[in-house]
Amino acid sequence: MDGRFLRELEGHYWPGNVRELQNCIERAFYTGTGNVLTDASAYFDSIDEPKSSKHQARAFNGTLDELEGRNVETVLKDCGGDVCLAAEKLGISRASMYRRLKKYGINSKEASGRLS
C-alpha cells in the first residue's frame with residue numbers, strides 16, 4: 001500500500017462503518033494489478049457523494065488497527081455508550097463489538113460519561 005492509497009482512505013468519509021473500509025481494501029487487493037495498492041478512490045462505493053461539512057477529512061498517520069479503534073470509540077460515544085446500538089451502526093454483531101472494545105481497551109461506561 002503506498003502513501004497515496006492510505007491518504008485517500010484517510011480523506012474519504014467513512015460513515016461509522018468499519019466493514020465498508022474493510023471491503024474497500026479487500027476489493028482493491030483482489031482486483032488490483034501488481035503488488036502495491038495505489039488508487040483507493042477507484043474502490044469507494046460512494047466516491048461521488050459530497051462530504052458533509054460536519055465530517056471533514058482529518059489527517060491520520062496511524063495504522064489501520066488504530067484507525068479502526070478510533071472509529072469504534074467515536075461511534076460508541078455517538079451512541080452514548082450503548083454497545084448494541086454502536087454495533088448495529090458499525091454493521092457488526094454485539095459479540096464482535098465486545099471483542100473490539102477489549103482489543104482496543106475501550107470502556108463503554110467511559111464513552112457514555114457514566115463512571116459508576
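1. Helix H4 (residues 83-90) has four buried residues to look at: Val83, Ala86, Ala87 and Leu90. Buried means under 20% relative accessible area, with a 1.4 Å probe and protein chains only; exposed means over 50%. Helices are DSSP runs of H or I, at least four residues, and strands are runs of E, at least two, numbered from the N terminus. Down the axis of H4 the buried residues fall within an arc of 100°, so they line one face of the helix. That arc is taken from the directions from the helix axis to the C-beta atoms.

2. This is a predicted model: local features need pLDDT of at least 70, side-chain atom pairs count only at pLDDT 80 or more, and totals for chains, interfaces and linings use all residues. Residues are numbered from 1 along each chain as its sequence is written, and side-chain values use heavy atoms, without hydrogens and water.

3. What lies on the other side of H4? Glu88 and Lys89 do, and they are exposed.

4. The buried residues of H4 pack against helices H2 (18-31), H3 (64-78), H5 (94-104) and H6 (108-112). Contact here means heavy atoms within 4.5 Å.

5. Check both ends of H4. At its start, a side-chain oxygen of Asp82 comes to within 3.1 Å of the backbone nitrogen of Cys84. Just after H4, Gly91 has a positive phi of about 75°.

6. Overall, the protein has 6 helices and 0 strands. Buried residues are 33% of its 116 residues. Of the contacts with a separation of 6 or more, 59% join residues 24 or more positions apart.

Notes: A polar contact is a pair of N or O atoms within 3.5 Å; within protein, one must be able to donate a hydrogen and the other to accept it, and residues adjacent in sequence count only if both atoms are side-chain atoms.
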